[in-house]
Each structure stands twice: as structure tokens, then as C-alpha cells.
Amino acid sequence: MKYQSQLVAKNYFIAAILLFTGQILFGLIMGLQYVVGDFLFPEIPFNVARMVHTNLLIVWLLFAFMGAAYFLVPEESERELYAPWLATLMFWIFLIAGALTVIGYLLFTYSDLAALTRNELFPTMGREFLEQPTITKIGIVIVALAFIFNIGMTVLTGRKTVISLVLLTGLVGLAVFFLFSFYNPDNLVLDKYYWWWVVHLWVEGVWELILGSILAFVLIKVTGVDREVIEKWLYIIIAMTLITGIIGTGHHYFWIGTPDYWQWLGSVFSAMEPIPFFMMTLFAFNMVNKRRREHPNKAAVLWALGTAVMAFLGAGVWGFLHTLAPVNFYTHGTQITAAHGHMAFYGAYVMISLTIISYAMPIMRGRTANGEKAQVLEMWSFWLMTIAMVFITLFLTAAGILQVYLQRFTEDPVPFMVAQQKIEIFYWLREFTGLVFLIGLVLYIYSFFVKEENVAA
Amino acid sequence: MPMDTERTKPLPGDFAIWIFIFAELMVFGVLFIAYAVTRSLHREEFAYYQQFLDRETGALNTLLLITSSYFVVKAVLAIKQDKVQQCVNGLGLALLCGCGFLVAKTLEFSDKFSAGIRLSTNTFYMFYLSLTFFHFMHVILGMVILAAILFKARAGAYNHREHTGVETGASYWHMVDLVWIILFPLVYIIR
């Protein structure tokens, strides 16, 4: 580790993995509730499990991104972090606020939680992903501002690289778009319109910048390819991301009361969104093929390549599957969406987080790479989780196709719940595959605790 | 001889920009195909509203972009002979033409907006506004790239041996020009 202050990232990564585990557990609970409706009722109803599952995902990815920024920005800027103490303080504030919010979800009914946190003073609750009480949202803004101040000062007063500037742009965008969660117009269409700007301009806009810069950083480190070459790729990828993604987010505007032209704009531009992801795949494999050194951390290289492939499949291919308006007319809000959501989040943002954790954690623990035993275990966990996610996606896709057919396409469509019953088998298969994913995750965590001799320092 | 090494290179400029150009042309290509297909389905509507477009400004803009491309070519040729000042001048004149394009286009847009035309007016205007505005944004991006090269050239970063940057920017600018040369007849003229 080149700079002492990079060490603040460690807590962020540990918290990320713990929350990730929580997310998977709630995913399993909810997956079972798809087929055993009253499982854990009334303690954890489906809507609460879903809320915790999605909120934990977002929060742990934010922890991972912050950790990634705190780790790579000092190295890129060639200076210590501007205020390491602030990073540590914000870590605890964010963790405690996050934990209190989840506990709030679990202990109170949602309406009681809204009353308790005085939602009526400034109503922002009740929308998917943005369920957090207003006070938590304000907390998130404070943490994000302190974080961006810290990272921004480090970047601006140090060496400026394309990687750190792209990362900073992505992080600022992340914070700015979150502000739309405070805008809650009465008109439901307008509300939905802006609602999409938070999480979805994240995932198909600014988060791709974060992803690209983290991937570029890790690739420079593990391949030894010239920074100049890697930065050029990064430029093109982010330009393509912004050209396609910002208007492409219009594919969420179909059938919700927005003007017709969104069907054109959303279809055409989002159909191009796989391009930057495909470029990322080319980029990662090209750089690894042109490598000038054999980095001892094989697991990190595997995660980096895995990200490039799975992001293209999950976000690119599975997104394209239902992005054209005439197709989406039938598939909107079915299990096809769930299939895409799972593989895209895993392939792009979960895997890039695990990539940087895989690269940075051994370094923060005083060695270039883990020993062979730990790495083999980590690679097993890579394959278990990734293959499990591929099958979760395939089962949900099958469920979705059947659902679309039974409920919307056939001559005499059946009601929602009847269709759900008929696709039950796929939900069971998905649940078992989810257990495989959990085994992969347990192995992953265990790989941190493998004791070994002869580890390269 | 420098010219010989030039010829062995398959494409002028940085290879990466060609991937970008290819992707950009794909986006425009899909948009053009979408336009053509929709037009064939609504022939009368498209023909009717097309006559309200400002063909004179469009022609002027075509002239401006082609002229700017000429100056960019001049700039590339100049730097290959180490004529830095001529290169800077060429880029400057190209930027000036770009500015002219932006001004003319802005006037055209404001004319349409003041007539109450919006994306939701009808399918023809939806295509007209989104295609031309998307291209408008590309002209701005192209000008940012040309300006960056101009400043680097003025700082003496290029010479007859190393001028990949100039060729890269020139290639992108020609793409912006080319797209307009297709867009203009497609949307404004073909009946």
C-alpha cells in the first residue's frame, strides 16, 4: 500500500460484504415467499423482505464504491487522502444510519415508520428503492457531500488522472441524481418520471463511469499496460455510455402516461446501451492479453474479466431483450424485468465491487496477493456465485416468457395470480439456485480467513 | 520518408477513435432507418410537414460544415509539413464555421419552438427535432475536440512526425459532417 490513508477503505469493504450477506439472506426469504406465501408472515411480509433486499443492495454498493474511491484516489492522486478522519467518521454515521433504517423496516409497519419519522413534514417515502425515511435520505446526502468533498479535494490538489476525474464525475453525478428523491410531485406520472432519474440514471449513466474507472484502475495494476492506452479506452467507453444511456433511460417511460415520443427515443437509444458494455468486454480482454506482467493476484484478474463479460450479458443482452417498445408492451414489469435486474446488478456493480475488494483487501492486509489456498477458494466462490446467477437469470427468464404468454399474449389471458401459480416450478428452481449462490458467498467470506504460510509480501 | 510510413497505417488518427466513430454511425444509422421506416408508413404526413422546414438554413449549414471540413483537411496537411501556424489557422477557421452552424441551427430551432412545435406535436416533428438536436450535440462535441487540438497545436505538441491527435480530431469532425450530409437530404429534401 502506497499511502497510509488508503486503509480507511477497509471498513467500507467489510461493511459492504456484511450487508451483501444480508441482502442475499433476504433475497432467499423473499424467493421462498414467492412459492410459500405465508413464510415468516407476519414477522417479515413479502413487501418488507423486498424492500430490505433492494435497499441493502443499493447501500452495500454505495459502501463498496466509497471504499473503492478511498482506496484508489490517493494512489492515483499521489497524495494522502485529504481528511482520513472524515472518511472514518462518515463510515460510522452511514453504517449506523443504514442499520437503524433496516431495523426500522423490520420492527415497524411501514406506515408507523413513516409516522415515527414525521414523513408528513416532508414526504419522500413510499417509492421503490427510495423507501428510506426522509431523515435517512438527508443523512445520505450529508455522507455523500462529505465523501465527495474529501475525494474531490484529494483529486484536485493531487495528480489528476483520467481515472480519478472520471470517477469523480461519476460520484458527483451519483450525488446529484439522488437529490431527485426529495422531489415528490402529486402528479403520479411526473413523480414516476423523476423517480427513474435516481436509481436508473445511476445504473445506466453515472455508475457506469464509476465502474469504468475502477475497472481501468485494476487493469492498470494487474496488467502493467500503459496508462495512456487504458485511459483512451476509458474515454471512449464513457462517451458512449453517456450518449446512449441518458436518453436511453427513456425506455422506462413506456406505458406510464408520458408522451409517445419516448417510445421512439427510449427504444433507439437504449438499444445502443449494450455498446459501451461490449467495449468494456473488448477492453478488459485486450488489456489482459497485452499484459506485461503476471500479477500474483489471479483472483482479482478473474473478477475483472468476469465483470466485463457478465455486465455485457446482464445489462447489455438481457436489457436489450425487452427494451424495444413493441416488445416491452408485453414484458413490462414481468419476471423478464426481474431476470435482467438480477444479472445486470450482479454482473456490473456487484462484480466490480468484488473486483476492487479482491485487489485491494490483500494489499491492505500487508501482501500483494493472497496465498494459493485462499485464491483457489475465492475463484471457487467466483464460479459458484456467477454460475448460480446465470441460472437464476435463466429460470426467471423462462418464468417471464411463460408469464407474458399466459397473462398477456394468449387468446384468453389468465389473471396474474393464476399465471404465477403456473410458473411456480421456476420459482422453486430459482430458490435452490439462490442457495448455491449463498454457498458461493460463504466460501467467499471464508477465503478471507484462510491461514497460510509463504505468502508473498 | 514519412509519407510511406503513413500509408502503411490502415486508418488515420488513433485507432480508438474509429471504434467510437463506428459506434456513433451505428446510432445514427439506426435513427435514420427508424425515420425511413416510419416515413414509409406515414408518407403524406411526412411530406406535408416537411415543406415547413427551413431548407435555406439547412443548405447554408451544409455549406458551412463542408467548408469547415476543408479547413480541417488543410490543418492536417499543414502539420504534416511542420506548419504549425497554418494548422492552428485551419482549425480556427473550422471552429468558426462550426459556430456559424450552431448559430444558424439555434435560430432555426427558436423559430420552430416559437411556432409551438414540440417533440409531441407529431411523429414527423419528433424525428426532425430529435435527429437534428442529437446531431447539434455532436457538432458541439466535435468543436470541443477541435478546440482541444487547436490549443495543443499552438503549444507545439504536434509536428510532421507526431500528429496523431490532429488526425484523430479531424476524423471525428468528418464523421459529424458526413452525418449531416445524410441527415439534411433525408429529413429536409427527399420527398
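**Helix packing and chain contact in a predicted two-chain model**

The axes of helix H7 and helix H11 (residues 298-321) of chain A come within 10 Å and cross at roughly 140 degrees, where axes are lines fitted to C-alpha atoms, for helices over the stretch in contact, and angles run from 0 to 180 degrees between N-to-C directions. H7(A) is therefore oblique to H11(A), given that angles under 35 degrees count as roughly parallel, over 145 as roughly antiparallel, 65 to 115 as roughly perpendicular and the rest as oblique. The structure is a predicted model, in which local features need pLDDT of at least 70 and side-chain atom pairs count only at pLDDT 80 or more, whereas totals for chains, interfaces and linings use all residues. Residues are numbered from 1 along each chain as its sequence is written, and chains are lettered from A, with ligands numbered from 1, in the order in which they are written. Helices (H or I, at least four residues) and strands (E, at least two) are DSSP runs numbered from the N terminus.

To the contact between these two helices, H7(A) contributes A:Leu215, A:Val218, A:Leu219 and A:Val222, and H11(A) contributes A:Ala300, A:Val301, A:Ala304 and A:Thr307, two residues being in contact if their C-beta atoms, placed from the backbone, lie within 7 Å. By class, the contact of H7(A) with H11(A) has seven nonpolar residues, one polar residue and no charged residues (Ala, Val, Leu, Ile, Met, Phe, Trp, Tyr, Cys and Pro count as nonpolar, Asp, Glu, Lys and Arg as charged, and the others, Gly among them, as polar).

H7(A) also packs with helix H10 (residues 274-289) of chain A, at an angle of about 10 degrees and with the axes 10 Å apart, which makes H7(A) roughly parallel to H10(A). On the H7(A) side the residues are A:Glu208, A:Gly212, A:Leu215, A:Leu219 and A:Thr223, and these meet A:Pro276, A:Met280, A:Ala284, A:Met287 and A:Val288 in H10(A). The residues of the contact of H7(A) with H10(A) divide into seven nonpolar, two polar and one charged.

In H6(A), the buried residues include A:Ile163, A:Ser164, A:Val166, A:Leu167, A:Leu168, A:Gly170, A:Leu171 and A:Leu174, where a residue is buried if 20 or more other C-beta atoms lie within 10 Å of its own, exposed if 12 or fewer, and partly exposed in between. What covers these buried residues of H6(A) includes helix H2 (46-77), helix H5 (134-157), helix H7 (188-223) and helix H8 (227-248) of chain A.

In chain B, the secondary structure comes to seven helices and zero strands, and the pattern read along the sequence is α-α-α-α-α-α-α. The C-alpha atoms of chain B fill a box of roughly 60 × 30 × 20 Å, taken along the principal axes, and 34% of its 191 residues count as buried. Among contacts in chain B between residues at least 6 apart in sequence, 81% join residues at least 24 apart.

The axes of helix H5 (residues 84-114) of chain B and H6(B) come within 9 Å and cross at roughly 160 degrees, which makes H5(B) roughly antiparallel to H6(B). Residues of H5(B) in this contact include B:Phe101, B:Leu102 and B:Lys105, and those of H6(B) include B:Phe136, B:Val139 and B:Met143. The contact of H5(B) with H6(B) divides into 16 nonpolar, two polar and two charged residues.

Two residues of this contact were examined individually. B:Phe136 lies in helix H6 (residues 123-154) of chain B and counts as partly exposed because it has 18 C-beta neighbours inside 10 Å; its C-alpha atom and that of B:Phe101, 35 residues away along the chain, are separated by 8.8 Å. B:Lys105, which lies in helix H5 of chain B, counts as buried because it has 21 C-beta neighbours inside 10 Å. B:Lys105 touches B:Asn61 and B:Phe136, not counting residues up to four places away in sequence, and B:Lys105 is 8.2 Å from B:Gly58, C-alpha to C-alpha, although the two are 47 residues apart in sequence.

The contact between the chains takes 13 residues from chain B and 16 residues from chain A. On the side of chain B that touches chain A, the elements giving two or more residues are helix H2 (15-41) and H6 of chain B, and H2(B) gives the most, with eight residues. The residues of this side of chain B divide into 10 nonpolar, two polar and one charged.
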